[in-house]
Amino acid sequence: MAYRKVCDAQGGPMVSEVLHCSGGLDLDWDLEKEELQEPGPSMDRMQMQHVDCQRSGCSDPGPDPDPELMEPIQPSVSVSPHGRFERLQEDPNYISHFTRAPGHKGQRRLHCFLLRYFLAGLGLFVLGLLIGWFTHTPTVKPPASPSDSSDLLEELLRGITADKIDALHRSFSSLSDDSEEAIARYLYRQWVGLGLTDVHLSNHTVLLSLPGSTPSTITDRSSHQCFLPNGIPCDQRGPNDLPRQQFSYAAYSAVGSMQGDVVDVQYASVDDLRRAKDSLNLTNQIAVVKIGQAPLLYKLSLLSELGFGGVLLYIDPCDTPPGRHTWHQAFRVTLNPGGNPTSAEVSREAGGSLTSLLVQPISALLAKTLLSSSIAGQGDSCIPLAMPHNTERKKITLTVRNQLSYKKIYNVVGYLKGKRNPDRYVLVGSRHDSDQGGGPSVIMNQLIAALTEQTKRGWVPDRTTVFCSWGGSALGNIGSYEWGKDNSVILQSSAVAYVSLNSPVRGTETLRATASPTLLQLTTDIQRRQLLSCIRGGNCPGPNVSSLQLPGDVNFFANQLAVPTVEFAFEQTTAEETTSFLSEAQFSPESPETLDPLFKFHETIAKMTAEAILRLVNDPVLPFYPLDIALDVQNKLKEKSLVTPHMLASASSLRDHAAFFQSETMRPANDPKERDPSHVRMLNDVLRDLEKSFLIPQTPPGVYRNLLYSPPEKTPQFSILRFSQEAVLHCNVNGKAAKHNTADKEVLCQSTLNQSLSLILRAIRSAERLVCFGLDLFENYPNEQYDLV
């Protein structure tokens, strides 16, 4: 007799097997010690052959194996599930004695052999698949983590080169059809080809104001001399003047003809208008106005209230950048504050205009003629144009011949989806007007190509990037307004930031960055890093970053939704008080290859914009700095004569809370252990919504509703305060307000200023409450390392 070790009842391993045996076997136990024998020499081999097959999942035994394949059973010893011994019979009936059915033991052995071969084959097959996968599949990088962000940025910037931008521009310039529809469809195909999988082409039928079939004219009634807007006599008009007509009109101006005296009002400031009103009857006269210092729509509103019937706009040569000659150039402006004019209060009696004024841009040369000025010059010693004292004012006839037409404008919108926060959008906007020469569109295409290349290598952004190319921008940002209004509910809760490429290279002298106060620090850091490898070989100025009000498609997102914005651009002049708002004048554009033959300036803007996008879509905590908002508020309240003690105290409290909140938001930004997704998401929502506190319901025409943006001034202040002060002066100048009661008139004029102060105080307190709410998130967030007092 021999004994074989079976297994432990508690699932202990067998001597040469790791499977567990089943407790359902019918075993015979014989404890007669006299029958115990020592194991034979082939015990180990027989242990491997007598494994219980049920423990490997073989519950249904198969047929008996061939007896010739079975080796003789040798005596062996095994421990039973309860520490006992099973006696192995040496007689031929052993198999039937050991199992419940004849032949079961052989069947189990065959099944175990087959199972082993099957498992071994399956393992080899899986191993082969893995070897083949890693051998033939390119190495895929894992999604970039914050620790890899610098490497990701370097790879992204290496993918942006001047040569690639040049090639994209040549492709864009090869279009035979320069209509907006053809350009939009081209961009749609390009974006899909560059790797965006979710691209939409949409259109809107809108009312456009276009030049008439015949040009507008200005006629000197005394000499009967007729002039075109660029100053050329009407009888000397040539075939080349027709294309220039596209940039020699005011879109949505009233149309018709009127006669009046020329009145020089310089920049149409309140002081300029007071001087004019004190000496002249302004009713139905024609004002000659310089572009700059204040929004055009604001100036026109003042002129309309004073009774003017027509306005001639020009740019003083002293305000233009050195080297740019505008003496013989008229330009285009739009009187559309934004969106489709058919949805606004359009005056059908005035020919579909948005104003009762006849408005016409003219060249500086024609302005000099109408003002009877003998001044000529440009540069450092330039003397501004002005009508000499005691000069007889010219009488002229102004004829404006604009025409209205319903046309389709097209938007192209593409999505690069995020992974963790796909419902948080970073918008990147450019324009595809044919008069832009393709510069913004080419940079946009390069950015899409560079970012999608990184996604092919395994990078997945945290937030969704929305690439937008707008139509109808030149005539009032129509495409961006219409798309924004259609999606306003989504954008109010989902839009994180807007990165603008409105007019990225309009000169080569000055690198300027404009950003919301929330993004000033990020913008400064990006500009400083780019200036280390400056185009001019080391002769570079320091960072030039501000929160100035600028025209363009950024208007809707900054002005209507209070979405934080950033824009980088090269231009010919610095943004100073006298030259601000000159960009409202649209000249016939220079082609990108003329401005930047090597496309180095385009490359710089593309790289800076790419870095901003990467930070905004990838940083766990948004790179917003609430303390910069508080400092900006305090900086704009330096004019103590208007500010109340309550307002100063609220601003100081906002600064203290913002400083503490900013230091706390750095915790999840720097410590991965604190990056609980729900907690970080709530913090980011507070940062995103902070600028919304400074959105006020109504402002003067052309002035941003977002209090954090302002025109450049010697002393920083809230734009609403500046224009409210002017409104008080204008209210006193304009005899329409409370003519019969001086006390009531003064109260009425002062109420505008008091209302503005109240709106500012309310905005500051609202922002402070939101910051305190953000601090409560840390107090309620369990953390063993930080305890807030």
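Biologist: Thanks! What should I know about the model before we go on?

Modeller: This is a predicted model, in which local features need pLDDT of at least 70 and side-chain atom pairs count only at pLDDT 80 or more, while totals for chains, interfaces and linings use all residues. Residues are numbered from 1 along each chain as its sequence is written, and side-chain values use heavy atoms, leaving out hydrogens and water.

Biologist: Is S546 buried or exposed, and how do you know?

Modeller: Buried means under 20% relative accessible area, exposed over 50%, and partly exposed in between, with a 1.4 Å probe and protein chains only. S546 has 19%, so it counts as buried. Its place is in strand β18 (residues 545-546); strands are DSSP runs of E with at least two residues, helices are runs of H or I with at least four, and both are numbered from the N terminus. Leaving aside neighbours within four places in sequence, S546 is in contact with A513, T514, A515 and L520.

Biologist: And what makes Q329 count as partly exposed?

Modeller: Its relative accessibility is 28%, so Q329 falls in the middle class. Q329 lies in the loop between β9 (310-314) and β10 (333-334). Not counting residues up to four places away in sequence, Q329 touches I362, S363 and F587. Q329 and N230 are 99 residues apart in sequence, yet 5.4 Å apart in space, C-alpha to C-alpha.

Biologist: Why is L616 called buried?

Modeller: L616 has a relative accessible area of 0%, so it is buried. L616 sits in helix α17, and its contacts beyond four places in sequence include V426, R463, A497 and F624.

Biologist: What does α17 pack with α4 through, and at what angle?

Modeller: Helix α4 (residues 149-158) and helix α17 (residues 600-618) pack at an angle of about 145°, with their axes 10 Å apart. Here axes are lines fitted to C-alpha atoms over the stretch in contact, and angles run from 0 to 180 degrees between N-to-C directions. On the α4 side the contact is made by L152, L153, L156 and L157, and on the α17 side by K607, A610, E611, L614 and N618.

Biologist: How do you know what makes up the largest nonpolar core?

Modeller: A nonpolar core is a set of buried Ala, Val, Leu, Ile, Met, Phe, Trp, Tyr and Cys residues joined through side-chain atoms within 4.5 Å. The largest such set has 97 residues, and those with the most contacts inside it are W191, F467 and F694. Helix α22 (residues 742-779) gives the most to this core, with 13 residues. Leaving aside neighbours within four places in sequence, F467 is in contact with residues including W191, L196, V412 and M444. A second, separate core of 32 residues includes V263, F587, V703 and F723.

Biologist: Why might nonpolar side chains be found buried together?

Modeller: In soluble globular proteins, nonpolar side chains tend to be buried together.

Biologist: Last one: what makes you call helix α9 mostly covered?

Modeller: In helix α9 (residues 296-305), eight of its 10 residues are buried, among them L296, Y298 and K299. Just after α9, G307 takes a positive phi of about 100°. For the chain as a whole, 52% of the 789 residues count as buried.

Key
Contact means heavy atoms within 4.5 Å.
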